[in-house]
Amino acid sequence: MTIEAPPVRLWSNRRYLLWLTSDTGKGLGTTLFSFAIPLVALFVTNDPAQAGIIGGVGMATRLVTTLIGGALADRHNRIAMMLVGALIATFVGAAFTALAFFESLTFLTLLLLEVALCVRAGLFEPASESALKQVVPDEAMGRAQAANQGRDAALQLAGGPLGGALLAAGAWVVGAVMTAAYAFAAATAWVLGRAERRDPEHPIPDENAADAGTDADAAGERPTRGMLHEIREGFRWLFSRPDLSSVLVLITIINLGLTSTVTTVIYSLQQDGHSEVTIGMLSAVIGAVMLAGALIAPLLVPRVKTGTLVLLGLITTTAGASIVSVVDTPVGISIVFAGAVFLLPALNAALMGYFMVATPSRLLGRANSAAGVLGMGAMPLAPLIAGFGLAWAGRTPTIVFCAALCAIAVLLALVNRPLRSLPTESGWTAHARQFE
C-alpha cells in the first residue's frame, strides 16, 4: 500500500517566512524609492527628458551588474548576500534622506543615487531570488511564487498612496521611511542566517542537480573558472532549454511596451498638473487589482496551463495599453489599467515557479540573472521612450507606439509552440525533465 506524503505546508516554514519578511522590507524601500525618484526629478528639473535619462541610466546599470550578481550568487552564501545588500541599501537611503533634508537634490545627485541603488540591486538581487529555492521545496514553489505576487501587489497598493503622502510632506520623509524599511530587511536577513545555521533539518535538496547539495556546497564543489566563463555558462544553459528560452523575446517586448505605457502616463499626469497624491492613487488602484489577481493566482496556476495564462495575460495587457491612449482622466486610466494587469500575478507566478523548478540550484543565480537581463534588456528604453516621446511627439502617439510593441508580443506568442505547451503546476517537474 502506497502512502502519499502530506502536502508541504508553506506557512509553517519558518525559514520561508523570514525570507519573505526580509524581502518585503526591502521591497517597500525599493517601491518608495522608485515612486519618489521620477517625481522628484521632474520637480527638480521640470524636464521629462532629464527624468527619463535618470531612469534609463539606472535600468542600464542594473542590467549590467545583474550578470555579475548572478555569478556571485552561485559562488557565495546567498543569505549572507541578502544581508549585505540590505545594509548597502540602508546607506543609500540615508544619503538620499540627508540630501533631501538639506535641499541638495539636483539632477546629478539624483542620477548618482539611482545608479548606486541599481548597482546594489544588480549585485545582490539574484542572491535574494535564488535563496528562495534554498528555503522552499519544489512541490511548494508555485504557492510560494503566488504568495510573492500577492506581497508585491500589496506593496504596490500601499506604496502609491504612502509614497504620495510622504512626498507631500517632503522628499526627506520618503527617504527616512525608505531607510527604516531597508534596515528592517537587513535585521530580518540576519535572523534568517542564524536560523539557517541552527536549523537541525537538512537544507532543501535540489532534485534537478545531483551534484548540488546546499548552495554553499554547490559553489564550493565547482571550481572557480573566471567570472566571464561563469556568466557565459548561465546563458549557454538557458539557451539550451527550449522550454525557457522561447519566451524570452516575448517577455522583453511586452515588458518594454507595458512599462513605457505606464511611465508615459505618469509623466503626462505630472506635466498636466496632477498632484503626487493623485498619481499615488493610480498606483494604488493598480496594486489593488493585482492583489485581487494574486488572490486567485493559487487557484489558476494548478488548473490552467501556463502557456494559456501567458497568452491571456499578453492579450489583456495589449488591450489596456491600446485603450489608455484615448483616456486621459485619472479615474479612466485607473479602470483601464485595472483590466490590463489583473492576470499578471497568475502569469508571473506560473512562469517564475516553473523556472525555479526547472533550474538546478548550482546554476540558479546565473540563470536567473541571464533571464532577467534578456527579459528586461530593453527596459532602459522605457523612461527614454516616455520622456522623449512626450517632449517630441506628445502623449497619444507615444502610447500608441507602446501599444504596438505589446501587439507584436501577442502575435509572436500565438505562433510560439514551446510557450503554448507549458503545462499546469503539477506537470512542471516532469515537463522540465524532458529537456535535461
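**Entry 1: a loop residue to start**

I began with Glu-103, which counts as exposed at 74% relative accessibility; exposed means over 50% relative accessible area, buried under 20%, and partly exposed in between, with a 1.4 Å probe and protein chains only. Glu-103 sits in the loop between α3 and α4. I looked up its backbone too: phi of Glu-103 is near 55°, a positive value in a residue other than glycine.

A note on what I am working with: this is a predicted model, where local features need pLDDT of at least 70, side-chain atom pairs count only at pLDDT 80 or more, and totals for chains, interfaces and linings use all residues. Residues are numbered from 1 along each chain as its sequence is written, and side-chain values use heavy atoms, with hydrogens and water left out.

**Entry 2: another positive phi**

I then turned to Asn-46, which is not a glycine and yet has a positive phi of about 55°. Asn-46 lies in the loop between α1 and α2 (48–75). Its relative accessible area is 58%, so I filed Asn-46 as exposed.

**Entry 3: the whole chain**

How many helices and strands does the protein chain have? I found 19 helices and zero strands; both are DSSP runs numbered from the N terminus, helices being H or I with at least four residues and strands E with at least two.

I checked the radius of gyration next, taken over C-alpha atoms, with the globule rule set at 2.2 Å times the number of residues to the power 0.38. With 436 residues, a compact globule would come out near 22 Å, and the protein chain has 21 Å, which agrees. Along the principal axes, the C-alpha atoms fill a box of roughly 70 × 50 × 40 Å.

Of the 436 residues, 57% count as buried. The protein chain exposes about 17,900 Å², and carbon and sulfur atoms supply 68% of that; accessible areas come from the Shrake-Rupley method with a 1.4 Å probe, and for residues only the protein chains shown count as cover.

I also looked at contacts, meaning heavy atoms within 4.5 Å. Among contacts with a separation of 6 or more, residues 24 or more positions apart account for 88%.

**Entry 4: aromatic pairs**

A pair of aromatic rings is described by the distance of the centres and the angle of the planes. My cut-offs: rings of Phe, Tyr and Trp (its six-membered ring) pair if their centres lie within 6.5 Å, and planes under 30 degrees apart count as stacked, over 60 as edge-to-face and the rest as tilted.

The structure holds six aromatic pairs. One of them joins Phe-33 and Phe-96, edge-to-face at 6.0 Å centre to centre with 70° between the planes. Phe-33 lies in helix α1 (residues 14–45) and Phe-96 in helix α3 (residues 78–101), so this pair ties together parts that are 63 residues apart in sequence.

I moved on to Phe-388 and Trp-392, a tilted pair with 5.0 Å centre to centre and 55° between the planes. Both lie in helix α16 (residues 381–392), four residues apart, about one turn of the helix. Phe-388 counts as partly exposed at 25% relative accessibility, while Trp-392 is exposed at 71%.

**Entry 5: a surface cluster**

Which residues do ring pairs link into a cluster? I noted Phe-101, Phe-102 and Trp-172. These three also form a nonpolar patch on the surface, with about 370 Å² of accessible area together. Patches are made of residues with over 30% relative accessible area and no salt bridge, joining like charges within 9 Å and nonpolar side chains (Val, Leu, Ile, Met, Phe, Trp, Tyr) within 5 Å. A salt bridge is a side-chain nitrogen of Lys or Arg within 4 Å of a carboxyl oxygen of Asp or Glu.

Phe-102 is placed in the loop between α3 and α4 (107–135), and Phe-102 is exposed at 61% relative accessible area.

Leu-20 is in helix α1 and counts as buried at 11% relative accessibility. Not counting residues up to four places away in sequence, Leu-20 touches Trp-11, Asn-148 and Arg-151.

Asn-368 belongs to helix α15 (residues 361–375) and is buried at 14% relative accessible area. Leaving aside neighbours within four places in sequence, Asn-368 is in contact with Glu-129, Ser-130, Phe-355 and Met-356.
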